[in-house]
Amino acid sequence: MTAADSSLPEPRRADFERWRRRSRLIRTLRVALPAAIALIFAGLIGSVAWSTFNAQPKAARAGDEPIRLLNPRFVGRDDKGRAFVLTANSAIRDQKDYQRVILQKPALVLDENGPDQMRINGAAGVFHEQTGKLELTNGVRMADNKNAFATAASMFDTKSGEVVGSGPIQGAGGLGEISAESYGVYGKGERMVFKGGVRTRLEPKK
């Protein structure tokens with residue numbers, strides 16, 4: 001309070017103090033209200049930007065999901081002219097390698113109803129379209145007109161018609177039962193090669 005204020009009568013002095021407080025309040029509101037409005041707008045802009053940036057990756061991920069084909073069917077011929085048909089419960093193309101097709105429960109039939117018929121199936125597989133090679137894993141079964149074998153993994157070349165595998169194999173052929181650690185089927189199934197811990201039980205024909 002200044003000396004001039006103290007010289008005012010008491011009623012005038014009270015009015016002057018109320019006016020001064022109101023003036024300070026108005027000055028404060030003039031600064032605080034625009035600041036509050038600016039903060040509100042900044043918060044709204046930040047919220048919109050946050051929602052936009054969060055939504056974009058989700059939309060991109062949804063659009064990048066691989067396409068699943070149900071009951072796919074691949075057909076072709078090996079270099080000996082034998083037709084083959086490859087089917088599966090489902091197929092998904094590898095997003096990193098478009099030529100790599102991941103198969104669920106694949107089954108391949110080579111030379112169906114022909115003299116060199118062969119059937120191979122497994123729980124899972126990968127078909128390489130560029131090379132024509134089919135990888136089969138998990139409970140692989142292989143059978144032709146003379147032999148029937150079970151193995152852990154197999155690689156079938158749809159171009160040459162050859163089958164190779166490095167996993168254990170066991171089954172029965174024209175001469176009896178056989179088991180080994182690796183195998184190969186060449187030609188038109190006329191030559192089978194077994195390697196590593198080969199065990200056989202010959203059954204002479206009656």
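This is a predicted model: local features need pLDDT of at least 70, side-chain atom pairs count only at pLDDT 80 or more; totals for chains, interfaces and linings use all residues.
Residues are numbered from 1 along each chain as its sequence is written, and side-chain values use heavy atoms, with hydrogens and water left out.

**Cavity and pocket**

Rolling a probe the size of a water molecule over the atoms shows where empty space is left. Here a 1 Å grid over the protein atoms alone is used, on which a cavity is a set of points where a 1.4 Å probe fits but cannot get out, whereas a pocket is an open set with protein on both sides within 12 Å along at least five of seven lines; lining residues have an atom within 4 Å of a point. Grid points are joined across faces, edges and corners, and a volume is the space filled by probe spheres set on the points.

By this rule there is one cavity of 30 Å³ or more, and the largest cavity holds about 40 Å³ of space. Its lining is formed by M118, M142, A143, D144, N147, F149, V185 and M192. Strand β9 (residues 133-144) supplies the largest share of that lining, three residues, where strands (E, at least two residues) and helices (H or I, at least four) are DSSP runs numbered from the N terminus.

The second largest pocket has a volume of about 190 Å³, and among the residues that line this pocket are E65, P66, F74, R93 and V101. Strand β4 (residues 90-93) gives the most to the lining of the second largest pocket, with three residues.

**Surface patch and positive phi values**

I37, I40, F41 and L44 make a nonpolar surface patch of about 420 Å²; such patches are made of residues with over 30% relative accessible area and no salt bridge, with nonpolar side chains (Val, Leu, Ile, Met, Phe, Trp, Tyr) joined within 5 Å and like charges within 9 Å.

D111, in the loop between β6 (107-110) and β7 (118-121), has a phi near 55 degrees, a positive value in a residue other than glycine, and D111 is buried at 15% relative accessible area. N138, in strand β9, likewise has a positive phi, near 65 degrees, but N138 is partly exposed at 49%.

**Salt bridges**

Side chains of opposite charge can pair when their charged atoms come close. Counting a salt bridge as a side-chain nitrogen of Lys or Arg within 4 Å of a carboxyl oxygen of Asp or Glu, the model has five salt bridges, including those in the table.

| Pair | N to O distance |
|---|---|
| R82 and D78 | 2.8 Å |
| E129 and R93 | 2.6 Å |
| R100 and D94 | 2.9 Å |

Both R82 and D78 are buried. In the salt bridge of E129 with R93, E129 lies in the loop between β8 (124-128) and β9 and R93 in strand β4, so the pair ties together parts that are 36 residues apart in sequence. E129 is partly exposed at 30% relative accessibility, and R93 is partly exposed at 28%. R100 is partly exposed at 26%, whereas D94 is buried at 18%.

Key. Accessible areas come from the Shrake-Rupley method with a 1.4 Å probe; for residues, only the protein chains shown count as cover. Buried means under 20% relative accessible area, exposed over 50%, partly exposed in between (1.4 Å probe, protein chains only).
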